[in-house]
Amino acid sequence: MRAPLLDVRVGAGPEIVIGIDPSLTATGVTVVVDGREQSTRRVETVPGAPLPARLAFLREVLLGVVHQHHASLIAMEAETFGMPHQSTTAAVQAIFQTALWDVRCRTDLPESKFRFLSVNPSHVKKYLGAKQKAEVLLQ
């Protein structure tokens, strides 16, 4: 078993991590509580729908997850530059990051006390010993 890379606990209570794999077509959201997967969902938007509507929908889903789970850490996959879909992915990430900052600025909310980590996909693969993205599994 690997040692934790960092202590994510903010206070008393369970260690809750929300992992986000942002994408306009299918965003992955996983909630892990004390090292065990609690839920994983794939959030899809309607292809061909107006971009602002798709981004607003993704933002609302993300905020719902954040408000429900009171995470210690929210980790989001960083953009992979040089990919053909780079500008769309950047838009999704920008929407998510601004939504998360909106929550963090509300210090009166219990769910505002989380740390944010932008995760480079190649670092995840290297840490897990994977050669391709498909080899990275939640363990």
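Guide: What follows is a walk through the cavities and the residues that line them. The model is a predicted one. Rolling a probe the size of a water molecule over the atoms shows where empty space is left. In this structure there are two cavities of 30 Å³ or more.

Take the largest cavity to begin with; its space comes to about 40 Å³. The residues lining the largest cavity are Ile-20, Thr-27, Val-29, Val-43, Leu-58, Val-61, Leu-62 and Phe-96. Strand S2 (26-33) and helix H1 (51-69) are the elements that each supply two or more residues to this lining. Of the elements, H1 gives the most, with three residues. By residue type, the lining of the largest cavity has seven nonpolar residues, one polar and no charged.

Now turn to the second largest cavity, whose volume is about 40 Å³. Around the second largest cavity lie Gln-97, Leu-100, Trp-101, Arg-104, Phe-114 and Phe-116 as lining residues. Here helix H2 (residues 86-105) is the element that gives the most, with four residues. The lining of the second largest cavity divides into four nonpolar residues, one polar and one charged.

How values were computed. Residues numbered from 1 in each chain as written. Predicted model: local features only at pLDDT ≥ 70, side-chain atom pairs only at ≥ 80, totals over all residues. Heavy atoms only, no water. 1 Å grid on protein atoms, 1.4 Å probe; cavity = no way out; pocket = protein on both sides within 12 Å on 5 of 7 lines; lining within 4 Å. Points joined across faces, edges and corners; volume = space filled by probe spheres on them. Nonpolar A, V, L, I, M, F, W, Y, C, P; charged D, E, K, R; others polar.
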